[in-house]
Amino acid sequence: QLVEAGNAFYVGAYVMINKIILGIKSCAKNRARKKSIEDTWLKKIDTNIFFPVFLVGRKGQPDCLEKNILYLDCDDDYVNLYTKTVAYFKWAFYNSDSSHIWICDDDSYINCNIFNKYSKYLEYDYSGFFLYGMEKINDTSGYTSGCGYCLSRKATKILIENVDEMIFLRKSNNETLYEDMLVGDTLNKHMQNL
């Protein structure tokens, strides 16, 4: 049975989002950042289009959507941010029919006057900055920018089906697991035409 609740539909115990999800990477201790976003740009986001949620980790507990907080079964610290990013994309893929999924950091400020009207991202599998080299990595590996990026449903599926392989590879080589590099390298490897 389908029950409508705001911007979401509940199918049995599962929530099915019928908007474009905008995940805001946060954590339990960042209450001030969450409030700042709620007091500024979140008031201006077009909720007819977007379903904004703050991403917070609660390791060992089931994923749970409470108001505008999406609690994910993952760590809530910076070192393990990659677990939150992966958990979010999995949750968004399986709990929405959205064609695209956005993610940003809680220190980002979205200009809603532009963002609400912008739809060019719907034509692409990846939208946002994609950086090579810099201080983080070599010139052959790319990483997504934390200020905000968007994956199509196709790119999200490729990410969640192949990210464990990249995690294993990085751990085997004793490499740091930066979440933006993990997403970038997984997509680079499995979506050559990204």
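Okay, let's start with the largest pocket, which holds about 450 Å³ of space. Its lining takes in 22 residues, and the closest to the centre are K25, Y78, L81, D105 and E179. Two elements each give two or more residues to that lining: helix 2 (81–94) and helix 5 (179–190). By class, the lining of this largest pocket has 12 charged residues, six nonpolar and four polar. Oh, and keep in mind that this is a predicted model.

Now the second largest pocket, with a volume of about 300 Å³. Here 17 residues do the lining, and W102, I110, F115, C147 and G148 are the closest to the centre. Strand 8 (100–105), helix 3 (112–115), strand 9 (126–132) and strand 10 (142–152) each give two or more residues to the lining. So what classes of residue line the second largest pocket? There are 12 nonpolar and five polar residues, and no charged ones.

On to the aromatics. The whole structure has eight aromatic pairs. One of them is W102 with F115, an edge-to-face pair at 5.0 Å centre to centre, with 70° between the planes. W102 sits in strand 8 and F115 in helix 3, so this pair ties together parts 13 residues apart in sequence. Are these two buried or exposed? W102 is buried, at 10% relative accessible area, and F115 is buried too, at 11%. Both rings also belong to one aromatic cluster, along with F50, Y118 and Y121.

K34 lies over the face of F54, 5.2 Å from the ring centre, and R58 lies over the face of Y71, at 3.8 Å.

How values were computed: Residues are numbered from 1 along each chain as its sequence is written. This is a predicted model: local features need pLDDT of at least 70, side-chain atom pairs count only at pLDDT 80 or more; totals for chains, interfaces and linings use all residues. Side-chain values use heavy atoms; hydrogens and water are left out. On a 1 Å grid over the protein atoms alone, a cavity is a set of points where a 1.4 Å probe fits but cannot get out, and a pocket is an open set with protein on both sides within 12 Å along at least five of seven lines; lining residues have an atom within 4 Å of a point. Grid points are joined across faces, edges and corners, and a volume is the space filled by probe spheres set on the points. Helices (H or I, at least four residues) and strands (E, at least two) are DSSP runs, numbered from the N terminus. Ala, Val, Leu, Ile, Met, Phe, Trp, Tyr, Cys and Pro count as nonpolar, Asp, Glu, Lys and Arg as charged, and the others, Gly among them, as polar. Rings of Phe, Tyr and Trp (its six-membered ring) pair if their centres lie within 6.5 Å; planes under 30 degrees apart count as stacked, over 60 as edge-to-face and the rest as tilted. Buried means under 20% relative accessible area, exposed over 50%, partly exposed in between (1.4 Å probe, protein chains only). A charge sits over a ring if NZ of Lys or CZ of Arg is within 6 Å of the ring centre and within 35 degrees of the ring normal.
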